Amino acid sequence: MDAHDLITRYAAEVVTEEEVEELAADPDGKRAYVGYEPSGVLHIGHMLGANKLIDLQEAGMEVVILLADVHAYLNGKGTFDEIRETATRMQEQFVAYGLDEENTEFVLGSEFQFDEEYTLDLHALELETTLSRAERAMSEIGSGDSVTVSQAVYPLMQALDIEYLDIDLAVGGMEQRKVHMLARDTLPSIGYDSPTCLHTPLISELSTGIGKMSSSSGVTISMEDSTEEIQEKVNGAYCPAGEVDPEPTEDGEERNNPVLEIFEYHVFPRFDTVVVERPEEYGGDLTYGSYEELEADFASGELHPADAKPTLATYLDELVEPGREMLQKQRA
Ligand code: IYR
């Protein structure tokens, strides 16, 4: 696979296509980053981001993971000491998940975000940004109904991080796109380049297919789950037979098939082939070399949810297992 395909595969969008093409033409040593508010336990959303970082490493890029301790603090996630403690655990779990330790740089936000130069740049950005713009950028990240001053500062710092970490490609889930758009618009006003961005898709809520999976509500998968819990959760997932694009609900809410989404964004990026084990009397095993093949069989009815679900649970379990072991070690 060439660098451009590796960089863009399974992405929801890149901003802009032209900028990414330029990057892909000479990816060696270019720096990509993703940032997370430390939370102690990796969940399926972190795993999706990590899959993209593994692709970028394979394309020759250097990868930085920002453990955004100051951001978590600004977003009301606890005391600074508590947050710091969880950051180290997250780092070890990312490595257990499969990020190449040699080529992954882990940085705590607090290592550079208190520097005088950073603070002055932050104030310069504050002068350039209206409160309503900052508030809009936080609409999918901030917790709670009303935005605090700290949450308005948050996206400006996220924008500055891109400059201070010397980043060529900012990566994040689709919920980060408004912050990245703010960064693209405002960084040039204080003399910095507009950053190139890549956004990964969000997976639908597992049990309903309505809305997005989140670590704070609904069913989610994390490194804390046992094999049995993963089996149970996947078994209870919304997965209507034959429906690749389920109909919206009666209220007009969009619905998706999370089982297929997880095959596409979690399993195929990490496994070359997927084998669905079936008894001979039901047609025997099915082997897929790509998500598209699996989707076609699901649409035609050849692959039934009763076979797709246990297969998904097995592969997900394999992905979670090293992180789960690390977590158990950390808690021992
Ligand atoms: N907003 C992210 C955390 C974060 C990401 C980056 I990239 C930063 O530079 C800073 C913070 C989240 O929602 O977890």
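Residues are numbered from 1 along each chain as its sequence is written. Because the model is predicted, local features need pLDDT of at least 70 and side-chain atom pairs count only at pLDDT 80 or more, while totals for chains, interfaces and linings use all residues; side-chain values use heavy atoms, with hydrogens and water left out.

**Stop 1: the ligand and its shell**

Select the ligand, then the residues around it: Tyr33, Gly35, Glu37, Leu66, Ala68, His71, Ile141, Tyr154, Gln158, Asp161 and Gln176.

**Stop 2: polar contacts**

A polar contact is a pair of N or O atoms within 3.5 Å. In Asp161, a polar side-chain atom is 2.7 Å from an oxygen atom of the ligand. Of the 380 Å² of accessible area that the ligand has on its own, the protein covers 92% (Shrake-Rupley method, 1.4 Å probe).

**Stop 3: the pocket and its elements**

The ligand takes up the space of the largest pocket. A pocket is an open set of points on a 1 Å grid over the protein atoms alone, where a 1.4 Å probe fits, with protein on both sides within 12 Å along at least five of seven lines; a molecule sits in it if more than half of its atoms lie within 2 Å of its grid points.

Now colour β2 (31-36) and α8 (149-164), the elements that give two or more residues to the shell. Helix α8 gives the largest share, three residues. Tyr33 is in strand β2. Helices (H or I, at least four residues) and strands (E, at least two) are DSSP runs.

**Stop 4: UniProt annotations**

An unreviewed UniProt entry lists Tyr33, Tyr154, Gln158, Asp161 and Gln176 as "binding site". These five residues are in the lining of the largest pocket, where lining residues have an atom within 4 Å of a point.

**Stop 5: two backbone details**

Go to Thr16, in the loop between β1 (13-15) and α2 (17-25). The peptide bond from Val15 to Thr16 is cis, with omega near -5°. Then select Tyr10, in the loop between α1 (3-8) and β1, where phi is near 60°. Most residues other than glycine have a negative phi, and most peptide bonds are trans.

Notes:
A residue is near a molecule or strand if one of its heavy atoms lies within 4 Å of it. A polar contact is a pair of N or O atoms within 3.5 Å; within protein, one must be able to donate a hydrogen and the other to accept it, and residues adjacent in sequence count only if both atoms are side-chain atoms. UniProt positions are given in the numbering used here, feature names are shortened, and annotations may be inferred rather than shown by experiment.
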